[in-house]
Amino acid sequence: MGRGSKTISRYTMKATHELLKETPEQYELTLFTLWLEWCEKKTHSPEQLQKLLSNNALFNWWRDNLKTFERYFADDVEFYYETLDATTLKDIYRDYAGVIHKHYSKALIKRALA
């Protein structure tokens, strides 16, 4: 079941936290950590970091983009999900989610830092 497939796998229907074998609270912490890392890579000072972290429009853009990578993760772990432990799944997820560091909205960042 690759990225181009139109069929929805049974794992795509699971919440990402379930695929990661995390509680919703653990997943929320995972998201916050990813968001913080992403913002840190886009800023040069604590003041800039605070502005990006607190910008709802930028967070919503980031979250929507992350969901795309989460769908890729769900599709790709489908065949071996049941045989993997939580640590390995989290490592795979971070590889997928890490791609988001290459993506950004220049307009939203500029507006957040203004």
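1. Helices (H or I, at least four residues) and strands (E, at least two) are DSSP runs, numbered from the N terminus. By that rule the protein has 6 helices and 0 strands. The order from the N terminus is α-α-α-α-α-α. The loop between α5 (86-98) and α6 (106-113) holds His101.

2. A word on the basis. This is a predicted model, in which local features need pLDDT of at least 70 and side-chain atom pairs count only at pLDDT 80 or more, while totals for chains, interfaces and linings use all residues. Residues are numbered from 1 along each chain as its sequence is written, and side-chain values use heavy atoms, with hydrogens and water left out.

3. Overall figures. Of the 114 residues, 38% count as buried. Buried means under 20% relative accessible area, exposed over 50%, and partly exposed in between (1.4 Å probe, protein chains only). The protein exposes about 7100 Å², and carbon and sulfur atoms supply 53% of that area. Areas come from the Shrake-Rupley method with a 1.4 Å probe; for residues, only the protein chains shown count as cover. Contact means heavy atoms within 4.5 Å. Among contacts between residues at least 6 apart in sequence, 72% join residues at least 24 apart.

4. Helices α2 and α5. Two packed helices are described by the angle between their axes and the distance between the axes. Helix α2 (residues 24-42) packs on α5 at about 35°, with the axes 12 Å apart. Axes are lines fitted to C-alpha atoms, for helices over the stretch in contact, and angles run from 0 to 180 degrees between N-to-C directions. The crossing of α2 and α5 is right-handed. A crossing is right-handed if the near helix is turned clockwise from the far one by less than a right angle, and left-handed if anticlockwise. From α2, Tyr27, Thr30, Leu31, Thr33, Leu34 and Glu37 meet Lys90, Tyr93, Arg94 and Ala97 of α5. The residues of this contact divide into 5 nonpolar, 2 polar and 3 charged. Here Ala, Val, Leu, Ile, Met, Phe, Trp, Tyr, Cys and Pro count as nonpolar, Asp, Glu, Lys and Arg as charged, and the others, Gly among them, as polar.

5. His101. Leaving aside neighbours within four places in sequence, His101 is in contact with Leu34, Glu37, Trp38, Lys41 and Lys42.

6. Helices α3 and α6. Their axes come within 9 Å and cross at roughly 115°. This crossing is right-handed. Gln48, Lys51 and Leu52 in α3 meet Ile109, Ala112 and Leu113 in α6. The contact residues divide into 4 nonpolar, 1 polar and 1 charged.

7. The two faces of α6. Leu108, Ile109 and Ala112 are buried. They lie on the same side of α6 because they cover an arc of only 100° around the axis. The arc is that of the directions from the helix axis to the C-beta atoms. The buried residues of α6 pack against α2, α3 (46-53) and α4 (56-77). The face turned away carries the exposed residues Lys106, Lys110 and Arg111.

8. Ala112. Apart from neighbours within four places in sequence, Ala112 is in contact with Lys51, Leu52 and Asn55. Ala112 and Leu53 are 59 residues apart in sequence, and 9.2 Å apart in space, C-alpha to C-alpha.

9. Lys21. One backbone angle to check. Lys21 has phi near 60°, a positive value in a residue other than glycine. Lys21 is in the loop between α1 (16-19) and α2. With 38% relative accessibility, Lys21 counts as partly exposed.
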